[in-house]
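Hi,

Here is the model I promised to pass along.

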Amino acid sequence: MNTLRSHLRTATLALAAAGLFASQATAMPVVAPADTQPIVLAASDCYAIGQQVAEQYGGTLAKASQSTRGGQPVCVIVVLVPGKDGQRPRRSEIVVPLN
């Protein structure tokens with residue numbers, strides 16, 4: 001009886017391993033994509049605009065949210081700009097029109 005359980009356990013483990021290997025083999029792409037160009041999104045969103053603004057200011061993006069001011073959609077961007085001589089970072093809030 002013990003040998004039957006041992007054989008069943010071995011067969012089950014072998015089938016599970018074969019299934020795992022087969023699922024990994026089918027998940028791999030057959031042909032690598034030839035296009036290496038980055039994807040550029042046409043629609044602008046506040047996060048992407050915030051990253052650009054943070055890069056321009058030399059800081060890190062802390063917050064990017066959409067708002068309406070004067071009836072126009074805008075992005076409110078908060079950038080943390082490094083302080084001078086080891087001081088705390090400065091918080092800068094920039095309002096950018098959403099195009």
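In what order do the three strands of the open sheet run, and is their pairing parallel or antiparallel? The order is 1-2-3, and the pairing is antiparallel. The edge strands are strand 1 and strand 3, since each pairs on one side only. On average, neighbouring strands of this sheet are turned by 20° against each other, direction ignored.

A bit of housekeeping before the rest. This is a predicted model, so bear in mind that local features need pLDDT of at least 70 and side-chain atom pairs count only at pLDDT 80 or more, while totals for chains, interfaces and linings use all residues. Residues are numbered from 1 along each chain as its sequence is written, and side-chain values use heavy atoms, with hydrogens and water left out.

The overall picture

The chain has two helices and three strands, and from the N terminus they run α-α-β-β-β. Helices (H or I, at least four residues) and strands (E, at least two) are DSSP runs, numbered from the N terminus. Of the 99 residues, 17% count as buried; buried here means under 20% relative accessible area, exposed means over 50%, and partly exposed is in between (1.4 Å probe, protein chains only). The accessible surface comes to about 8300 Å², and 59% of that belongs to carbon and sulfur atoms. Those areas come from the Shrake-Rupley method with a 1.4 Å probe, and for residues only the protein chains shown count as cover. Among contacts (heavy atoms within 4.5 Å) with a separation of 6 or more, 27% are between residues 24 or more positions apart.

The sheet, strand by strand

Strands of a sheet pair through backbone hydrogen bonds, either parallel or antiparallel. To count as paired here, two strands need at least two bridges between them according to DSSP. Strand 1 (residues 60–69) pairs with strand 2 (residues 72–81) in the antiparallel sense over nine bridges. The two form a hairpin with two residues between them, and Gly 70 in the turn has a positive phi of about 65°.

Helix 2 (residues 46–57) lies across strand 1, strand 2 and strand 3, and runs at about 40° to strand 2. For that angle, axes are lines fitted to C-alpha atoms, for helices over the stretch in contact, and angles run from 0 to 180 degrees between N-to-C directions.

The disulfide

There is one disulfide in the structure, meaning a pair of cysteine sulfur atoms within 2.5 Å. The partners are Cys 46 and Cys 75, with their sulfur atoms 2.1 Å apart. Cys 46 is in helix 2 and Cys 75 in strand 2, so the pair links distant parts of the chain, 29 residues apart. The torsion about the S-S bond is about -80°, which means that the disulfide is left-handed. Cys 46 counts as buried at 9% relative accessibility, and Cys 75 is buried too, at 0%.

Side chains of opposite charge can pair when their charged atoms come close. A salt bridge here is a side-chain nitrogen of Lys or Arg within 4 Å of a carboxyl oxygen of Asp or Glu, and the count by that rule is one. Glu 93 forms it with Arg 91, the closest N and O atoms being 3.8 Å apart. Arg 91 is exposed, with a relative accessible area of 57%, whereas Glu 93 is partly exposed at 45%.

Glu 93 also turns up beside Arg 69: leaving aside neighbours within four places in sequence, Arg 69 is in contact with Val 74, Val 76, Glu 93 and Val 95. Arg 69 itself is partly exposed, at 41% relative accessibility. From Arg 69 to Pro 97 is 28 residues in sequence and 9.3 Å in space, C-alpha to C-alpha.

Cheers
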